[in-house]
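Please keep the sequence and the structure in view while you follow each solution.

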Amino acid sequence: MDPAEAARAAEFGRVDDAGTVFVRDGEAEREVGQFPGATPDEALALYVRRFLDLQAKVVLFEARLSATDLSVKEIDQTLARLTEELAAPAAVGDLAGLRERLEALRVVAAERRAAAEAERAAAREAAAAARTTLVEQAEKIAETDPSRIQWRPAGEQLRTLLDQWKEAQRSGPRLDRATEEALWKRFSHARTTFDRERRHFFAELESRNAAAKGAKEALVVEAERLSASTEWGPTAGAFRDLMTQWKAAGRASRPVDDALWARFRAAQDAFFAARDAANQATDTEYQANLVVKEALLAEAEALLPVRNLAAAKAALRSVQERWEAAGKVPRGDVQRVEGRLRAVEQAVREADDAQWRRTNPETRARAEGAAAQLEQAIAGLEADLARARAKGDARAVAEAQAALDARRAWLEQVQRAAQDARG
């Protein structure tokens, strides 16, 4: 004990002859205990030590209150314990002063409590905002269009949000019950909605996959049946139809789809490889025919331009007859040689049409009839012009002369057309 502190405390006590110890507590004096068989100083020292212990507790609380981050709960518990211990302690010292010192600390504690409550309120508000952000992110995922969502990344994101929620619940500030329940209800609803939509999506996907699998299996069976066909044209068309149906059938699961496609492609390749081999053999067989037809083409193209239509037509008929007799040519040359022959045939046909238009009897008759009518009209106009000149009517002369000039021009054109028609 500090001797000075002990001496000051001892001033508030006394010991009577029977060894009873008293303390002056404020304006009153009360008995605190007895210490028989001891000297008054010894008896008083025991109770002074008790006071100094109480004082040390108050001093320690004062130091911790100003220097450490005590929780509100610890502050309240310490205040309650010290208040109870200082109510009527069996101790000798300035108890009233010690209580006043504790009351002063109660004001500081109230300030610390208010500050702590404000910090806790701010922390709870921040925590509520953070939890609300987690909820909104979960709701955004759950509200995404099922046809556009990427289920695996979205599911992982939801699990991460749930882990963040649990961590905030475990180590973060506690929210009030109503707020936490409301936020958790929204978060849980978002997760439930996501899980329901995901199950529904994959159930539909499995159903579509099963339907696509069945349809494609049937197409593979048909393709494998057609792979040995030698009806090249119809079977090639059938394979094109099968490919169109394959694309429209949708996708099965990836492993199944890949396996079915491998079978379909193998059947298709087998057919077209056989067709190409057969065409190659045919082209080799028809190569000699190509030589003959190219010689015929040279002969036909020598007829152009057409100068003697009758001779050109006769020569072309001869070429066409020998063309048909020559037989087929390789597939890759068909369009080329046929196109060249069609060009010669078209040129001869156009020359024939042009001559027909020139020598058509109906055209000639129409031209000659029109010429007769114009000649008759010209004779009448010449008479009108003579009469107008005899009268000296300049206006009538001008009109008759204009009409006469026009009819003469028409007559010249009609006579030229008639000449062309006569050849």
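**Exercise 1: the largest cavity**

The largest share of the lining of the largest cavity, three residues, comes from helix 6. The model is a predicted one, in which local features need pLDDT of at least 70 and side-chain atom pairs count only at pLDDT 80 or more, whereas totals for chains, interfaces and linings use all residues. Residues are numbered from 1 along each chain as its sequence is written, and side-chain values use heavy atoms, with hydrogens and water left out.

Task: state which residues line the largest cavity, and describe the lining by element and by class.

Solution. Begin with the terms: on a 1 Å grid over the protein atoms alone, a cavity is a set of points where a 1.4 Å probe fits but cannot get out, a pocket is an open set with protein on both sides within 12 Å along at least five of seven lines, and lining residues have an atom within 4 Å of a point. Grid points are joined across faces, edges and corners, and a volume is the space filled by probe spheres set on the points. Searching the whole structure gives one cavity of 30 Å³ or more, and the volume of the largest cavity is about 30 Å³. Its lining is made of I141, A142, T144, P146, I149, W151, T193, F194 and E197. Helix 4 and helix 6 (177-226) are the elements that give two or more residues to this lining, where helices (H or I, at least four residues) and strands (E, at least two) are DSSP runs numbered from the N terminus. As a last step, sort the lining by class, with Ala, Val, Leu, Ile, Met, Phe, Trp, Tyr, Cys and Pro as nonpolar, Asp, Glu, Lys and Arg as charged, and the others, Gly among them, as polar; the result is six nonpolar, two polar and one charged residues.

**Exercise 2: the largest pocket**

Task: find which element gives the most to the lining of the largest pocket.

Solution. The largest pocket holds about 170 Å³ of space, and the residues that line it are D69, L70, S71, V72, K73, I75, R112, A115, A116, E119 and R120. Two or more residues of this lining come from each of helix 3 (72-85) and helix 4 (95-142), and helix 4 gives the most, with five residues. By class, the lining of the pocket divides into five nonpolar, one polar and five charged residues.

**Exercise 3: the aromatic pairs**

Task: decide how the rings of W232 and F271 are arranged, and how those of F239 and F272 are arranged.

Solution. Rings of Phe, Tyr and Trp (its six-membered ring) pair if their centres lie within 6.5 Å, and planes under 30 degrees apart count as stacked, over 60 as edge-to-face and the rest as tilted. The count by this rule comes to 12 aromatic pairs. In one of them, the ring centres of W232 and F271 are 5.6 Å apart and the planes stand at 45 degrees, so this pair is tilted. The pair links distant parts of the chain, since W232 belongs to helix 7 (residues 232-248) and F271 to helix 8 (residues 254-301), 39 residues apart. Next, apply the accessibility classes, in which buried means under 20% relative accessible area, exposed over 50%, and partly exposed in between (1.4 Å probe, protein chains only): W232 is partly exposed at 23%, whereas F271 is buried at 0%.

The rings of F239 and F272 have centres 5.8 Å apart and planes at 50 degrees, so this pair is tilted. Here too distant parts of the chain are linked, F239 in helix 7 with F272 in helix 8, 33 residues apart. F239 is buried, with a relative accessible area of 1%, while F272 is partly exposed, at 24%. To finish, note that ring pairs link W232, F239, F271 and F272 into a cluster.

**Exercise 4: a cis peptide bond**

Task: say which residues the cis peptide bond joins and where P305 lies.

Solution. The cis peptide bond joins L304 and P305, with omega at about -5 degrees. P305 is placed in the loop between helix 8 and helix 9 (309-326). As background, most peptide bonds are trans.
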